[in-house]
Amino acid sequence: QGETSFHGVATYGKDSEQVVAAVDETRGCVQVFNVESGECVATVGSKGNGPGQLLSPCCVAYNSGGEMYVSDKTLNRISVFDASGEFLRNETHGQFGRFNAPRGLAFTPWGHLVVADSRNNRVLVLEGDGTVVRIEAQYGPQTAKRRFEQPTGVAVSSDGHVFIVDQYNVVEMQLLYSAFSFVRTLGSVGNGVGQFQLPYGVAVGAVGEVLVSDGMQHRIQVFSSEGVHLQDIELNDPNGKFVLKEQHGISCDASGRVFVGCFGSRALLMLA
C-alpha cells in the first residue's frame with residue numbers, strides 16, 4: 001500500500017518461489033512480490049521514456065521462460081525484461097502500424113502473445129519475436145459482426161479460449177494456433193447480475209471459471225466456463241468503505257488464489 005496505483009498483475013513460478021508482479025503506474029515500474037512472504041523482491045523498470053523505462057504502464061504478463069512483458073499506454077509500446085529484471089527490448093509493432101495505447105497482455109498455450117491494442121480497436125496475436133500472426137478487429141456471429149471498442153483486458157485458458165474485455169462485455173473466442181472463432185459474449189451494460197460498468201481486467205481461474213474486474217461497481221464477477229454467472233465478490237472494510245475499489249488487474253494461480261490490483265484503494269490483494 002502507499003503512494004502507488006496498481007494496475008495489471010501476473011503470477012509466475014510455484015511453491016516458495018512463486019511471485020506476483022504488480023504494475024505501479026505512479027512510480028513507473030513493476031513491483032514483484034514473493035507470494036509466500038509478501039516481501040517485495042524486485043522492482044523492474046523506472047519512470048521515464050528511455051530504454052527500460054515506463055511512463056504509463058498498464059498490464060504485465062510472463063512467458064513460460066519467466067520473461068516479463070509490460071504494456072505502456074502512453075509510450076505505445078511493450079517493454080520486455082528478462083527473468084532477472086534486465087531490459088531486453090521494446091515491441092512497438094511497426095509491421096501493421098504502431099500500437100496505440102496497448103493494455104491487456106496474455107500468453108497462449110503455444111507461446112503467442114495476445115495484445116489488447118486498445119485505441120486501435122483491435123486484438124493482435126504475436127510470435128515471441130514480435131512477428132504478427134493474427135489481427136482481429138471484429139467479433140460476433142458471421143451475420144452480425146461488431147467491431148471491438150477499446151479492448152482493455154485479455155486472458156487465455158489452457159485450451160486456447162481467449163477472453164477479451166471490450167467496453168461493457170467480455171468476448172470469448174477460441175484461438176486455434178492463429179485463427180479466431182467466436183464463441184459467446186459474457187455480460188452486458190448495467191448494474192445488475194452479470195452486467196458491467198466499465199470492466200477492465202479478466203482472468204481464468206484454476207477450474208476454468210472466468211473472473212472479471214468490474215471496476216466502477218467495485219466487484220469481481222465470476223462466470224462458469226459455459227458463461228453462466230456464478231457469483232459476485234465484494235469486500236468492504238470495517239468502516240464500510242470499498243476494499244475492491246476501482247480494481248483493474250486480476251490474475252489467478254493454479255491453486256485457486258486470486259490476485260487483484262486495486263487502483264482506487266492503492267492496494268494489491270490476494271484472495272484465497
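The side chain of His229 lies 3.4 Å from the backbone oxygen of Gln231. A second polar contact, of 2.8 Å, links the side chains of His229 and Asp232. Polar contacts are pairs of N or O atoms within 3.5 Å; within protein, one must be able to donate a hydrogen and the other to accept it, and residues adjacent in sequence count only if both atoms are side-chain atoms. The model is predicted: local features need pLDDT of at least 70, side-chain atom pairs pLDDT 80 or more, while totals for chains, interfaces and linings use all residues. Numbering runs from 1 along each chain as its sequence is written, and side-chain values use heavy atoms, without hydrogens and water.

His229 belongs to strand E26, residues 229-233. Strands (E) are DSSP runs of at least two residues, numbered from the N terminus. His229 is partly exposed because its relative accessibility is 23%; the class lies between buried, under 20%, and exposed, over 50% (1.4 Å probe, protein chains only). Beyond four places in sequence, His229 contacts Val193, Gly194, Gln221, Val222 and Phe223. Contact means heavy atoms within 4.5 Å. The C-alpha atoms of His229 and Val162 are 18 Å apart.

Val162 is among the residues with the most contacts inside the largest nonpolar core, which has 15 residues. Such a core is a set of buried Ala, Val, Leu, Ile, Met, Phe, Trp, Tyr and Cys residues joined through side-chain atoms within 4.5 Å. Strand E19 (169-176) is one of the strands that supply at least two residues each. E19 gives the most, with three. Another core, of 14 residues, lies apart from it and includes Leu211 and Ile233.

Conventions. Helices (H or I, at least four residues) and strands (E, at least two) are DSSP runs, numbered from the N terminus.
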